[in-house]
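Look at the sequence and the model shown here. The questions after it go through some parts one at a time.

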Amino acid sequence: MASLSRSKLHDDLQEAFIRHREGRYDSVLDKRIKAEGEKILKENDPRMTSRINPHSVFWMVAAMAVFYYTDFYIAVRFDSRIHRSWLYIGGALIGVNLCVGCYCVLWLSYYKKITDWDKHAPYLIPIATASFIAGMICSIYSLWPVWKILTPFITFTLFMGVIFLATLIPV
């Protein structure tokens, strides 16, 4: 049923486009297309969806399992094989990324009411991206002696869990 109505909408859009191109306007067809478009927008309104979805739950549960079963906290805290200086550099670079994110979301969006961050400060997104990539590389290098080839997967899973946990913070 839904695919049939979408097919009909597609045909109507195609017909309306051809008519507009030829200079012939059909107000009935335009109204029907507008009504269908508004219905689709109303159905897919992001404010109507829940923040908790299977994708979020998967990454948070995976991060908790990785954190628990790898003894991540104990390893980072006490394992002498970890290159501490690289871990601190990686943590600082990821901290820069988080600071840029907080600045964009909290300061620019909520306080200053600026939604186009690229236009206001075009250097922020490249700085955040570069600092995150460098921070992850440093963190993976520092933790490599403990988990070897699993280190990138462990850090990526933990990162994704934290990101999806952050989406649950009410705004």
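Q: How far apart are the end C-alpha atoms of residues 88-111?
A: In this predicted model, the span 88-111 is 100% helix and 0% strand. Helices here are DSSP runs of H or I with at least four residues, strands are runs of E with at least two, and both are numbered from the N terminus. UniProt, in an unreviewed entry, lists 88-111 among its places for the feature "transmembrane region"; such positions are given in the numbering used here, feature names are shortened, and annotations may be inferred rather than shown by experiment. The end C-alpha atoms of residues 88-111 lie apart by 31 Å.

Q: What percentage of residues 150-169 is helix?
A: The unreviewed UniProt entry also places the feature "transmembrane region" at residues 150-169. The end C-alpha atoms of this span are 30 Å apart.

Q: How many helices does the protein have?
A: Read along the sequence, the pattern is α-α-α-α-α-α-α-α. There are 0 strands, and the number of helices is 8.

Q: What is the radius of gyration of the protein?
A: The C-alpha atoms fill a box of roughly 75 × 40 × 30 Å along the principal axes. A compact globule of 171 residues would have a radius of gyration near 16 Å; the rule is 2.2 Å times the number of residues to the power 0.38, and the radius is taken over C-alpha atoms. The protein itself has 24 Å.

Q: What share of the 171 residues counts as buried?
A: Buried means under 20% relative accessible area, exposed means over 50%, and partly exposed lies in between (1.4 Å probe, protein chains only). By this definition, the buried share of the 171 residues is 27%.

Q: Are α5 and α7 roughly parallel or roughly antiparallel?
A: The axes of helix α5 (residues 84-111) and helix α7 (residues 124-147) come within 7 Å and cross at roughly 150 degrees. Axes are lines fitted to C-alpha atoms, for helices over the stretch in contact, and angles run from 0 to 180 degrees between N-to-C directions. Angles under 35 degrees count as roughly parallel, over 145 as roughly antiparallel, 65 to 115 as roughly perpendicular and the rest as oblique. The angle therefore makes α5 and α7 roughly antiparallel.

Q: How many charged residues are in the contact of α5 with α7?
A: Ala, Val, Leu, Ile, Met, Phe, Trp, Tyr, Cys and Pro count as nonpolar, Asp, Glu, Lys and Arg as charged, and the others, Gly among them, as polar. The contact of α5 with α7 has 19 nonpolar and 7 polar residues. The number of charged residues there is none.

Q: Is the crossing of α7 and α8 left-handed or right-handed?
A: The axes of α7 and helix α8 (residues 151-166) come within 8 Å and cross at roughly 130 degrees. That makes α7 oblique to α8. A crossing is left-handed if the near helix is turned anticlockwise from the far one by less than a right angle, and right-handed if clockwise. The crossing of α7 and α8 is right-handed.

Q: Which handedness has the crossing of α3 and α8?
A: The axes of α3 and α8 are 8 Å apart, at an angle of about 130 degrees. The two helices are therefore oblique to each other. The crossing of α3 and α8 is left-handed.

Q: Is Lys 113 buried or exposed?
A: Lys 113 sits in the loop between α5 and α6 (117-120). Phi of Lys 113 is near 60 degrees, a positive value in a residue other than glycine. With a relative accessible area of 64%, Lys 113 is exposed.

Q: How far apart are the C-alpha atoms of Phe 72 and Thr 155?
A: Phe 72 lies in helix α4 and counts as buried at 16% relative accessibility. Phe 72 and Thr 155 are 83 residues apart along the chain. Their C-alpha atoms are separated by 9.9 Å.

Q: How are residues numbered?
A: Local features need pLDDT of at least 70, side-chain atom pairs count only at pLDDT 80 or more, and totals for chains, interfaces and linings use all residues. Side-chain values use heavy atoms, with hydrogens and water left out, and residues are numbered along each chain as its sequence is written, from 1.
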